[in-house]
Amino acid sequence: MGSRIVGAALGDCVHIAGVLNFLSAARQAGHQTEFLGPATPVERIIEAADSDDIDLLALSYRLTPSSAESLFETLEKALVAAGLDGQRMVFGGTEPVAEVAKRSGLFEAVFGEPGGPTVEEYFSGGVSDLQARPWAQTLTERRRQSFPRPLIRHHFGQPDLDTTARGISEISEAGVVDVISIGPDQNAQEFFFHPERMDPDQDGAGGVPVRSPDDFRLLRKASRRGNHPLMRCYAGTNDQRAFAAMLRETIDNAWAALPVFWYSELDGRSQRTLEAAIEEQSDVVEWCGGEGIPVERNDQNQWGLRHAHDVVQVAAAALAAHLTAQVGVATYVLQMMLNNPPGITPLMDIAKMSAMDTLVRRRVGDDVTVLRELRAGLFSMPRDPERARGQLASAVRTALFMAPDIVHVVGHTEAHHAADASDVTASCRIADQVITDAIGGLPDPLLDLRVADRRDHLVAEAEVLLDAVESQCPGASGGDPLALGRVVRSGLFDAPHLAGNRAARGRIMTVVDGGCDAVDPATGEPLDEATRIAALAGS
């Protein structure tokens with residue numbers, strides 16, 4: 001038999017949700033409970049404690065701290081006068097009132113104070129969920145463990161190694177991030193195995209200056225606390241297979257992320273030709289398949305960032321997934337970037353993501369596990385910090401309509417500065433609260449005919465484009481680097497922001513009007529894929 005716990009909202013406070021939640025948790029922990037009601041006078045508290053066999057009083061108060069201080073003094077005097085000064089009590093309230101309760105010395109536990117215990121910790125004898133739980137250390141197992149909540153991922157990398165390690169420890173202790181993605185600086189991404197080619201002036205530019213496998217081991221060690229988050233790292237842009245093997249050995253890379261076409265002359269992140277990058281990245285993906293490492297391909301995001309129309313983004317997602325599955329990868333991470341390009345409406349975003357999901361699953365078959373990962377657009381965060389927090393919450397809510405397995409949080413500071421550890425934790429707590437609010441169920445967006453019609457349109461148009469890839473670039477769907485290079489060089493896959501690029505045409509015109517569509521440069525009218533593709537032959 002558990003303890004007998006009596007709860008009440010103290011004084012003239014009528015707010016009872018907190019104390020009732022505590023009593024509910026107490027019952028789940030095996031205790032007997034009784035509630036005296038709202039606005040309970042001190043005299044009634046003393047009467048109950050004196051006349052009943054009470055093990056614990058649970059009191060709450062949510063009004064002003066100054067009133068609470070006076071009330072606690074009255075309570076203490078009344079307890080002493082009744083010979084009950086040894087009565088065990090706990091308290092819950094707002095942070096300012098909780099601080100007053102802590103100072104009073106009356107309570108064995110105060111809920112609501114900074115760094116104070118949770119109710120769950122109190123009833124488990126002070127052992128936190130973070131300490132007690134065996135945290136899964138593979139992506140698929142961690143996802144099963146978190147269900148129905150999606151995993152939360154965030155990028156992190158400060159321009160100093162020690163600062164980054166301390167930040168990873170802080171993030172891990174907070175227990176709100178499931179996956180920490182290490183962001184190396186550009187020197188590390190491009191020249192990790194060629195330090196003589198690094199530019200010292202660029203050390204720490206864009207991320208953490210990791211310079212050896214031991215640096216990665218240090219970061220991994222820093223994460224072995226709190227909720228023991230999975231660790232992963234952005235791919236290098238040269239020597240990619242050696243880099244992938246090193247990440248597997250040092251941080252147990254949760255999954256690899258490589259594009260099909262990018263990290264090449266196409267985006268300038270390495271000096272490799274388009275075809276050389278395609279070939280090397282395909283080799284790394286095949287190696288990952290053999291090692292059982294999940295793989296993410298992010299081509300659809302890269303095309304969207306350069307204002308490619310939605311059909312190209314959907315087709316790129318399907319082609320990348322197909323190429324990945326056919327070399328033996330068993331778990332595929334489908335990353336989908338919202339607000340990309342800027343101006344896309346949530347309605348059209350959901351339609352596009354649903355089209356991607358449909359075609360990806362169609363292309364990889366039933367033997368491949370597909371995990372949906374959604375994130376806010378890279379350029380979607382306003383500079384104003386309060387608006388940025390609003391945008392973060394909005395993007396997470398939109399993402400949840402797609403029932404994601406992973407929510408990739410883009411920090412609310414993105415438009416102002418690279419997130420430090422406290423920014424990461426704050427952003428992920430915002431996301432976590434949105435998830436908590438939505439976990440009970442959201443409406444099905446595909447019941448909205450506008451969403452369903454747009455989804456079906458994008459699927460059909462992307463199939464037209466993929467058929468053209470197959471017929472005009474034979475061997476592309478089989479992974480031939482020269483054939484895949486022709487997909488871009490021919491203009492089948494194209495984007496306005498590739499204008500002047502020697503590896504692409506960059507002649508397409510797109511317009512964002514809810515969704516992003518290709519238009520005729522002369523008339524501004526939308527172009528279907530058959531018409532657009534036919535026009536390429538004569539250009």
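This is a predicted model: local features need pLDDT of at least 70, side-chain atom pairs count only at pLDDT 80 or more; totals for chains, interfaces and linings use all residues.

Reader: How many salt bridges does a search of the whole structure find?

Author: Side chains of opposite charge can pair when their charged atoms come close. Here a pair counts when a side-chain nitrogen of Lys or Arg lies within 4 Å of a carboxyl oxygen of Asp or Glu. Searched in this way, the whole structure gives a total of 33.

Reader: At what distance does a polar contact join the side chains of Asp310 and Arg454?

Author: Arg454 has a relative accessible area of 11%, and because buried means under 20%, this residue is buried. Asp310, at 0%, is buried too. The polar contact that joins the side chains of Asp310 and Arg454 has a length of 2.9 Å.

Reader: Which parts of the chain are tied together by the salt bridge between Arg454 and Asp517?

Author: The side chains of Arg454 and Asp517 meet at 3.1 Å, N to O. Asp517 is partly exposed, with a relative accessible area of 23%, whereas Arg454 is buried. The pair spans 63 residues in sequence, so the parts tied together are helix H18 and strand E15.

Reader: Is Glu386, which forms a salt bridge with Arg389, buried or exposed?

Author: Arg389 and Glu386 both lie in helix H16, 3 residues apart, about one turn of the helix, and their side chains meet at 3.2 Å, N to O. Arg389 counts as partly exposed at 31% relative accessibility. Glu386 has a relative accessible area of 54%, and because the cut-off for this class is over 50%, Glu386 is exposed.

Reader: Which residues gather with Glu76 in a patch of negative charge on the surface?

Author: Glu76 is placed in helix H3, residues 65-81, and at 38% relative accessibility it counts as partly exposed. Patches are made of residues with over 30% relative accessible area and no salt bridge. The residues that gather with Glu76 in this patch are Glu69, Glu73 and Asp85.

Conventions: Residues are numbered from 1 along each chain as its sequence is written. Side-chain values use heavy atoms; hydrogens and water are left out. Patches are made of residues with over 30% relative accessible area and no salt bridge: like charges are joined within 9 Å, nonpolar side chains (Val, Leu, Ile, Met, Phe, Trp, Tyr) within 5 Å. Accessible areas come from the Shrake-Rupley method with a 1.4 Å probe; for residues, only the protein chains shown count as cover. Lys and Arg count as positive and Asp and Glu as negative; His and the chain ends are not counted. The place of a charge is taken as NZ of Lys, CZ of Arg, CG of Asp or CD of Glu. Helices (H or I, at least four residues) and strands (E, at least two) are DSSP runs, numbered from the N terminus. Buried means under 20% relative accessible area, exposed over 50%, partly exposed in between (1.4 Å probe, protein chains only). A polar contact is a pair of N or O atoms within 3.5 Å; within protein, one must be able to donate a hydrogen and the other to accept it, and residues adjacent in sequence count only if both atoms are side-chain atoms.
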